[in-house]
Amino acid sequence: MGWGGGRVLRHRNVVLYLSGVVVSGFGSSVMALAAGVWAKSLTGSDSLAALTTFCVWAPMLLGPLIGTLADRGRRRPLLIGTNLGMAAVLLPLLAVRSADRIWILFAVLTVYGVSTVLLDAAEAALVATAVPEQLRGDFNGLRMTANEGMKLVAPLLGALLFVRFGGTAVVLLDAVTFVLAALAFALIRVSEPSHRPAETRRRSARTAEGIRFLRHHPVLWRLVLAGAATMGMAGVNGASVYPVVDAGLDRPPAYAGVLYAVQGIGSVVVGLFAGALLRRMPERVFAAAGIMLFAAGVALRVVPSLPVVLFAGVLIGAGLPCVLIAAMTAVQRETPDDLLGRVAATANTLLFAPNAVALAAGAGLLALVDHRVLLLAAGTAAAAAAVGLLLSGGAGTRTTDTALGESARVRDRGAEGTGPAPDPR
């Protein structure tokens with residue numbers, strides 16, 4: 001089986017786009033761990049350190065609403081402006097030198113989270129215009145590889161930078177990465193329409209269009225639901241990492257970093273071959289196969305053996321991204337351009353919000369239930385999601401034209417009194 005990365009990397013827009021994603025992802029990963037260390041060092045509070053992660057994740061729950069902004073104008077200028085704006089938003093963090101100013105850190109991280117949702121929606125929409133359809137599977141796989149590769153080194157670098165030079169170094173590095181990402185997006189060559197049809201409609205109506213399109217498109221809806229169930233089980237698995245390290249392997253807590261690194265390696269590898277695999281099998285089969293790998297890896301973590309647990313980490317890392325890559329590739333192909341930002345943001349919310357909720361729930365359940373029971377239950381639930389996705393294959397599936405017709409009817413209802421809605425691209 002060939003790797004499609006060489007072919008996709010010969011496309012100018014792909015190289016520039018991935019450069020922007022890699023640079024901004026590196027800065028975000030550096031900040032992710034450093035923010036918690038920063039809060040802990042200033043306040044001594046574990047709760048406030050954990051709150052830094054919540055601030056970044058919380059705006060994900062507003063994804064459908066934030067995603068409407070990505071459909072109100074051209075996406076490339078939005079990406080450039082948002083990245084430059086975030087470089088400026090980070091600068092107030094230079095004043096955070098004592099516990100009484102920790103609120104600035106939380107405020108900036110909340111804006112950070114909003115910008116992440118907006119950037120993800122705009123990026124997903126721009127891909128559909130800037131990257132040829134036959135290369136999108138390879139592109140989404142390479143993007144996953146780039147993101148996971150950054151997670152292998154960037155958090156450690158962020159912690160080291162903070163310990164050696166303080167928060168100022170982390171802030172400045174992150175700001176520079178936002179500027180470089182803006183430059184990469186500015187160099188992309190793409191022709192976008194200068195006007196979007198949603199300007200005069202109420203925001204609630206514009207938001208509902210993306211949700212309704214996703215809900216009434218059986219192919220996308222089933223992929224997203226399967227992904228949401230899988231990411232929920234990933235949250236339970238994530239909450240169980242430290243019991244696996246402590247009770248299962250009798251290792252110190254810091255050894256969890258090894259498990260995350262092994263998992264990241266699995267994700268990097270599968271991202272390289274995702275495009276080639278998607279050209280050889282339907283998206284639902286690719287996603288279901290990945291979910292089954294993930295389910296097997298989660299279940300194997302109950303075995304108190306280091307080689308088995310490391311192998312389980314590789315399976316989890318290789319399996320989990322498959323449904324995410326499949327879902328986003330399908331969203332980019334099936335969604336009309338004028339709805340793509342909203343649909344992508346809604347899909348991201350449905351995919352990733354269960355992970356955050358399940359992390360909290362799993363942490364609470366660990367006080368009541370043995371971690372091995374939770375892992376077996378999570379693995380079983382994930383396997384059931386994979387089987388359900390496979391069995392959903394052909395029944396009730398509509399064509400893209402039918403889905404686009406539904407989209408047009410949604411827009412016409414939402415735009416009543418504002419004139420006819422333009423045809424989707």
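The following questions and answers explain how terms are applied to this predicted model.

Q: Why is α2 called roughly antiparallel to α8?
A: The axes of helix α2 (residues 12-43) and helix α8 (residues 167-186) cross at roughly 160°. Angles over 145 degrees count as roughly antiparallel, so α2 is described as roughly antiparallel to α8. The two axes come within 8 Å, and their crossing is left-handed.

Q: What makes up the contact of α2 with α8, by class of residue?
A: The contact of α2 with α8 has 15 nonpolar, seven polar and one charged residues.

Q: Why are α10 and α13 called roughly parallel to each other?
A: The axes of helix α10 (residues 218-239) and α13 cross at roughly 15°. Because angles under 35 degrees count as roughly parallel, that term is applied to α10 and α13. Their axes come within 11 Å, and the crossing of α10 and α13 is left-handed.

Q: How do you know that the span of α13 agrees with its number of residues?
A: Helix α13 has 18 residues, and at 1.5 Å a residue they should span 26 Å.

Q: Which residues of α13 are buried?
A: The buried residues of α13 are Glu283, Phe286, Ala287, Ala288, Gly290, Ile291, Phe294, Ala295, Gly297 and Val298.

Q: Why is Glu283 counted as buried?
A: Glu283 has a relative accessibility of 13%. Buried means under 20%, and therefore Glu283 counts as buried.

Q: How many salt bridges does a search of the whole structure find?
A: The search finds three salt bridges.

Q: What makes the contact of Glu283 and Arg333 a salt bridge?
A: The side chains of Glu283 and Arg333 meet at 2.5 Å, N to O. A salt bridge requires a side-chain nitrogen of Lys or Arg within 4 Å of a carboxyl oxygen of Asp or Glu, so this pair qualifies. The pair links distant parts of the chain: Glu283 lies in helix α13 (residues 283-300) and Arg333 in helix α14 (residues 306-334), 50 residues apart.

Q: Why is Arg333 called partly exposed?
A: The relative accessible area of Arg333 is 30%.

Q: Which residues are linked in a network of salt bridges?
A: Glu283, Arg333 and Glu334 are linked in this way. The side chains of Glu334 and Arg333 meet in a salt bridge of 2.9 Å, N to O. Glu334 has a relative accessibility of 9% and therefore counts as buried, since the limit is under 20%.

Q: How do you know that Asp370 forms a salt bridge with Arg372?
A: The closest N and O atoms of Asp370 and Arg372 are 2.9 Å apart, and the limit is within 4 Å. Asp370 has a relative accessible area of 34% and Arg372 one of 43%. Each is therefore partly exposed.

Q: Why is Asp250 called exposed?
A: Asp250 has a relative accessible area of 64%. Exposed means over 50%, so Asp250 is exposed. Asp250 is found in the loop between α11 (241-248) and α12 (256-278). Although Asp250 is not a glycine, its phi is positive, at about 55°.

Terms used:
Residues are numbered from 1 along each chain as its sequence is written. This is a predicted model: local features need pLDDT of at least 70, side-chain atom pairs count only at pLDDT 80 or more; totals for chains, interfaces and linings use all residues. Side-chain values use heavy atoms; hydrogens and water are left out. Axes are lines fitted to C-alpha atoms, for helices over the stretch in contact, and angles run from 0 to 180 degrees between N-to-C directions. Helices (H or I, at least four residues) and strands (E, at least two) are DSSP runs, numbered from the N terminus. Angles under 35 degrees count as roughly parallel, over 145 as roughly antiparallel, 65 to 115 as roughly perpendicular and the rest as oblique. A crossing is left-handed if the near helix is turned anticlockwise from the far one by less than a right angle, and right-handed if clockwise. Ala, Val, Leu, Ile, Met, Phe, Trp, Tyr, Cys and Pro count as nonpolar, Asp, Glu, Lys and Arg as charged, and the others, Gly among them, as polar. Buried means under 20% relative accessible area, exposed over 50%, partly exposed in between (1.4 Å probe, protein chains only). The expected span of a helix is 1.5 Å times one less than its number of residues.
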